[in-house]
Amino acid sequence: MPNSLSLLATQLKEIWRHFGVNQKFSVIVGLIIIAASIGGVLYWSSRPDFQLLYSGLSLKDASSVREQLSDEKIPYQLKDSGRTILVPAQDVYRGRLLLAAQGLPKDNSTGFELFEQPKFGLTDFAQQVNYQRALQGELERTIMTMSGIEAARVMLVLPKERLFSTEDEKKASASILLTLSGGASLAPGQVQSIAQLVGSSVPGLDPAAITITDQRGQLLSQRSGASDDQSQQAGDQLAMQSKLEALLAQKAQDMLDKAMGPGRSIVRVNAVLDFSKIERRSEQYDAEGRVVRSEAIESESSSSPAGNGGGVAGVVANVPVGSPSSGTVEQEMSRSKKENVRTEYAIPSEVEMVTRNGAQLANLSVSVCVAKGEEPRTEAELKKIEQMVKSSVGFTDSETRKDLIDVSEMVFAPPALPPSIPWYQTLPIRWDSLGRGIVAALLVFIVYRLSRRVIAGLVVRREDAGVPVQSLTDEYGRPGARGFKGEPGSLDANLDEITQIAEQNPKAIAAWISSIAKPS
């Protein structure tokens, strides 16, 4: 075995000596490429699969987590400016348990757990501050559960309760700073939902008094004033009107499509909505159904002597008639009676309070256009279509509401033909995949040609490398073996051939003789 290895080394050296410069360069480059490929495969196969441990950490928490992982000899990788930590897949759960035992990562927001441990000796001001901190922390945790929000900071301004305070002094306000994840952005509806959430959680806090900004300093919420309220109200009214028009038009369009076929009719609806707020109070009395509730009668009678009319001046005329001896005088008396009756009736009445808020349909205009067929439709057929549309949209013709409808028939323009597709796009292949396949085939062809050239350069002609030494011996190492033309074992008969081989490759003959001469 050592003789074979030394002989192989000798032959390789001889082959290398007969190589040209290009052949030697090709062999070296090929060996380097093979070694690099094997090394890359071994590196990537032995490289651990890193998975997410925690993301969105603060720099302080990230530093504590990194130190803990280093102490536990767990490999890690940092991403996202150190806020994301990756560990090998087999160490994810182990690392989370170890960090949880150390209280990492720490939650910066504090909620109502502040009041779990009783603290004696705190003043009312300290209790109020703790309550505000707990409320802010709970709101921060709630907001951070929303999608797209990485962190939140809530600051509340709560008014002090005083006996004599104005309405303005009783109002609370809030400011919210949001840290959005990545390049995420919040829709206006999401911002409004956050404002409503915070406003409903804090007593006396109006959602209009909440300011919301992001980490880039952009104002996400707008404080609503009178003009903003009017603009918002106008936008809501317009959206409601458009939604109603689309709903009514779709109802009529679906019915006509079922009856006449798709694309054979067009329905458009214009609705006029009344958004005015009206409060009406009406009171009605029924005089015929009245009943007596109470009756009071006041009666007054009086009597007084009747006075005589004056006579002629003198004694006779003014002396009373009667017997003077009796001392009595007969005089007439006048009586009067006065009666006053006061009656109270209970009259049935009806009081009605009507408050109208919201939209009222004031007018409806419907336009229907149907495609003309081979023969024009009769007036009765158009009336039938009109009646169908009236019933579907709730058409009304009364004193308070006058709706309009128009049904017409005309020739529809032919539908636009789809653009012609080139023939090569109809083939059941994807051109991007075909292009990648062609590029891959070209690369394979180029590598094949280069490898053929390299292999061709490695081939050594027989006359350059000489005859292998094994061909000079038989299976017992005796000269005159299968490589000679003469009889096996006859060295004299093949002397000329041996001489020729020695002239072509003297070093190989010398190495062969040395191997034979060495004692086994």
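A: Leaving aside its neighbours within four places in sequence, glutamine 68 is in contact with Leu99 and Gln102, where contact means heavy atoms within 4.5 Å. The model is a predicted one, in which local features need pLDDT of at least 70 and side-chain atom pairs count only at pLDDT 80 or more, whereas totals for chains, interfaces and linings use all residues. Residues are numbered from 1 along each chain as its sequence is written, and side-chain values use heavy atoms, with hydrogens and water left out.

Glutamine 68 has its place in helix 3; helices (H or I, at least four residues) and strands (E, at least two) are DSSP runs numbered from the N terminus. Glutamine 68 counts as buried because its relative accessible area is 16%, given that buried means under 20%, exposed over 50% and partly exposed in between, with a 1.4 Å probe and protein chains only. In the loop between helix 3 (59-71) and strand 2 (77-79) sits lysine 73, which is exposed at 70% relative accessibility and has a positive phi of about 60° although it is not a glycine. Most residues other than glycine have a negative phi. Aspartate 91, in the loop between strand 3 (84-88) and helix 4 (92-101), is buried at a relative accessible area of 13% and, beyond its neighbours within four places in sequence, is in contact with Ile74 and Pro75.

The part to look at closely is built around helix 5. Helix 5 (residues 124-144) has 21 residues and reaches 30 Å from its first C-alpha to its last, close to the 30 Å expected at 1.5 Å a residue, the expected span being 1.5 Å times one less than the number of residues. Its buried residues are Asn130, Ala134, Leu135, Gln136, Gly137, Leu139, Glu140 and Ile143. An α-helix has 3.6 residues a turn, so residues three or four places apart point the same way. The cover over the buried residues of helix 5 includes strand 4 (149-157), strand 5 (172-180) and helix 6 (188-201).

With strand 4 it pairs in the antiparallel sense over 8 bridges, two strands being paired if DSSP finds at least two bridges between them; leucine 156 has alanine 174 in strand 5 as its bridge partner. Strand 5 and strand 6 (residues 205-214) run parallel and are joined by 6 bridges, and leucine 178 has aspartate 214 in strand 6 as its bridge partner. Strand 5, helix 6 and strand 6 together make a right-handed β-α-β unit: with the strands pointing away from the viewer, the path from the first strand over the helix to the second runs clockwise.

These elements meet in the largest nonpolar core, where Ile143, Ile176, Leu178, Ile194 and Val198 touch the most other members among its 22 residues; such a core is a set of buried Ala, Val, Leu, Ile, Met, Phe, Trp, Tyr and Cys residues joined through side-chain atoms within 4.5 Å. At least two residues of this core come from each of helix 5, strand 4, strand 5, helix 6 and strand 6, and strand 5 supplies the largest share, 5 residues. Valine 198, neighbours within four places in sequence aside, is in contact with Leu139, Ile143, Ala174, Ile176, Leu205 and Ile210. Apart from this core lies another, of 18 residues, among them Val267, Leu364, Val366 and Val389. In soluble globular proteins, nonpolar side chains tend to be buried together.

Leucine 248, in helix 7 (residues 226-260), is buried with a relative accessible area of 8% and touches Val269, Leu364 and Val393, not counting residues up to four places away in sequence. By contrast, alanine 287, in the loop between strand 8 (278-285) and strand 9 (291-305), is exposed at 53%.

Residues 24 or more positions apart account for 67% of the contacts with a separation of 6 or more.
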